[in-house]
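Subject: Structure handover

Hello,

I am passing on the structure we talked about. Please open it and keep it in view while you read the rest of this message.

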Amino acid sequence: MSAAAVRIRDLQRTFTLKGVLNGVDLDIAPGEFVALLGRSGSGKSTLLRALAGIDHEAQGTGEIALPQRSAVIFQDARLLPWLRVLDNVLLGQPREARPRAMQALEEVGLARREQSWPHELSGGEQQRVALARALVREPDLLLADEPFGALDALTRIQMHELLRRLSERHKPAVLLVTHDIDEALALADRIVMLDGGRISAELQVPGRGDRTLIALQRKRLLAMLGVD
Amino acid sequence: MNAISGEILPSPLSLAPAAQRAPLGPGTPRRNGHLLGPGLLLLYWAILSATGWLDPRTLPAPWTAITTGADLVREGRLQANLAVSAARAGSGLLVGGIAGVLLAFLSGLSLLGGYVIDGIVQLKRGIPILAIIPFMILWFGIGEPMKVAVIAVAAFFPIYIQTHSALRAIDLRYVELAETLGLSRWQFLRRIVIPGALPGFLLGLRFGATAAWLALVVVEQLNASSGIGYMVTLARNYAQTDVMLVGLVVYALLGFITDSVIRWAERRLLTWRRTLGR
């Protein structure tokens with residue numbers, strides 16, 4: 001295996017109120033798609049926020065090594081309402097990135113909407129803009145915090161397809177935080193289970209064709225989450 | 001008979017007419033709709049004057065204001081005084097506005113600035129503008145600087161307060177976004193802070209402009225030798241109610257025009273907003 005894109009060792013985080021991390025070790029290979037599963041309160045978001053560098057309110061120790069270029073997708077699209085779609089994608093990028101931003105919008109199927117205001121888009125379209133905003137940064141690591149949690153079931157399936165296509169084409173390492181087992185099985189190469197602030201289990205996702213194995217893994221994961 | 005298609009096709013009775021119920025929102029705004037209220041008031045006044053219910057010594061008729069105004073313009077008095085007044089109010093608004101925005105940013109964006117500045121402003125805010133005039137005269141004399149200073153102070157407060165609270169209300173999620181996108185401090189200011197505070201600033205500017213005209217009326221009664229207020233004071237001494245009325249109408253028009261200009265700017269600058277009242 002090549003050198004890890006992401007390397008986390010003995011990561012600890014404490015908050016006064018929110019989740020806790022209690023010695024997390026995790027490696028993600030370049031181009032690997034990892035889904036982080038766990039019940040609410042298991043520390044999933046805490047881990048992601050630590051990697052994204054936005055957990056100022058937390059205290060903790062441990063080692064985090066990340067690629068230079070990373071991008072974050074939040075549960076809400078988090079577009080600035082006063083910037084048009086294209087300017088949202090270009091936020092923080094140099095002017096020369098414009099053609100790339102147009103291309104990213106085209107990749108997410110919003111080529112015609114670049115001059116729209118965010119409020120003119122549907123929830124799914126807004127999340128696709130957020131995806132384009134991440135893509136334009138050409139990230140080596142994509143962090144996604146339940147990005148499809150707020151979407152309706154049909155839109156979510158479309159977004160799964162889109163994210164899979166894009167991650168196969170651009171090959172970033174991906175860490176997808178989710179509590180949706182089917183989402184994890186549909187998208188990830190590997191599933192990591194977080195429980196009580198630690199990695200409690202991990203498993204390779206079987207090939208897409210192998211339905212019986214997937215059903216089996218699904219059952220195992222459900223059991224681990226305490227759902228029978 | 002085709003029973004199946006008969007069931008599927010909606011009968012005319014089941015076709016619900018679109019939105020029969022009155023909408024809860026105020027509906028589509030009309031251009032210049034806000035002229036209706038002033039127009040009705042003018043009509044009321046004109047009727048009272050024309051029927052003789054309103055004694056011209058109490059309040060002259062609206063057309064008297066127009067003819068007297070025309071006379072004053074012909075003599076050149078109105079525009080000369082108006083220019084002086086507008087310059088006073090404008091420079092006061094400018095000084096107060098710049099100070100308001102600068103201090104709001106200082107206290108809104110830094111904790112220490114907030115502790116120092118906001119406390120003082122809140123304290124000072126309790127003092128009515130009229131009460132500080134004696135001190136202003138003491139510090140700035142009785143001339144032009146005092147007048148501009150009083151107007152600036154009056155305009156400062158609403159602009160500071162609205163800008164400051166808009167800054168404080170900027171969503172923390174956008175700050176997180178800025179961090180994950182690696183925005184520089186300047187990009188953060190330009191892309192997130194300034195647009196986020198703009199609606200508050202414009203609202204404050206509207207209040208500030210009103211406050212500036214109000215303060216103008218007061219300071220122009222103090223030892224002024226020019227300006228609309230001076231013109232009115234002089235007319236009062238000679239019991240020229242028509243000239244006094246022209247002064248009032250000019251003040252009203254100035255306030256109304258200023259407010260319209262700022263609202264127009266609001267519509268241009270805040271096209272991204274979709275709210276109830278536009």
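Please keep in mind that the model is predicted.

The sheet in chain A

Chain A has an open sheet of three strands, in the order S2-S1-S4, and the pairing is antiparallel. The edges are taken by strand S2 (21–28) and strand S4 (59–65) of chain A; each has a single partner strand, so one side of each has no neighbour in the sheet. On average, neighbouring strands of this sheet are turned by 10° against each other, direction ignored. Strand S1 (residues 6–14) of chain A is joined to S4(A) by six bridges. In that pairing, A:Ile8 is found opposite A:Ile64 of S4(A).

Two helices in chain B

Helix H4 (residues 77–109) and helix H10 (residues 228–237) of chain B have axes that come within 7 Å and cross at roughly 130°. Because of that angle, H4(B) counts as oblique to H10(B). On the H4(B) side the contact is made by B:Arg77, B:Asn81, B:Leu82 and B:Ser85, and on the H10(B) side by B:Ile228, B:Gly229, B:Tyr230 and B:Met231. Of the residues in this contact, four are nonpolar, three polar and one charged.

Where the chains meet

Twelve residues of chain A are in contact with 15 residues of chain B. On the chain B side, helix H8 (172–180) and helix H9 (185–219) are the elements that give two or more residues. H8(B) provides the largest share of that side, six residues. Sorted by class, the chain B side has seven nonpolar, five charged and three polar residues.

Regards

Methods:
Residues are numbered from 1 along each chain as its sequence is written. Chains are lettered from A and ligands numbered from 1 in the order in which they are written. This is a predicted model: local features need pLDDT of at least 70, side-chain atom pairs count only at pLDDT 80 or more; totals for chains, interfaces and linings use all residues. Two strands pair if DSSP finds at least two bridges between them. Helices (H or I, at least four residues) and strands (E, at least two) are DSSP runs, numbered from the N terminus. Axes are lines fitted to C-alpha atoms, for helices over the stretch in contact, and angles run from 0 to 180 degrees between N-to-C directions. Angles under 35 degrees count as roughly parallel, over 145 as roughly antiparallel, 65 to 115 as roughly perpendicular and the rest as oblique. Two residues are in contact if their C-beta atoms, placed from the backbone, lie within 7 Å. Ala, Val, Leu, Ile, Met, Phe, Trp, Tyr, Cys and Pro count as nonpolar, Asp, Glu, Lys and Arg as charged, and the others, Gly among them, as polar.
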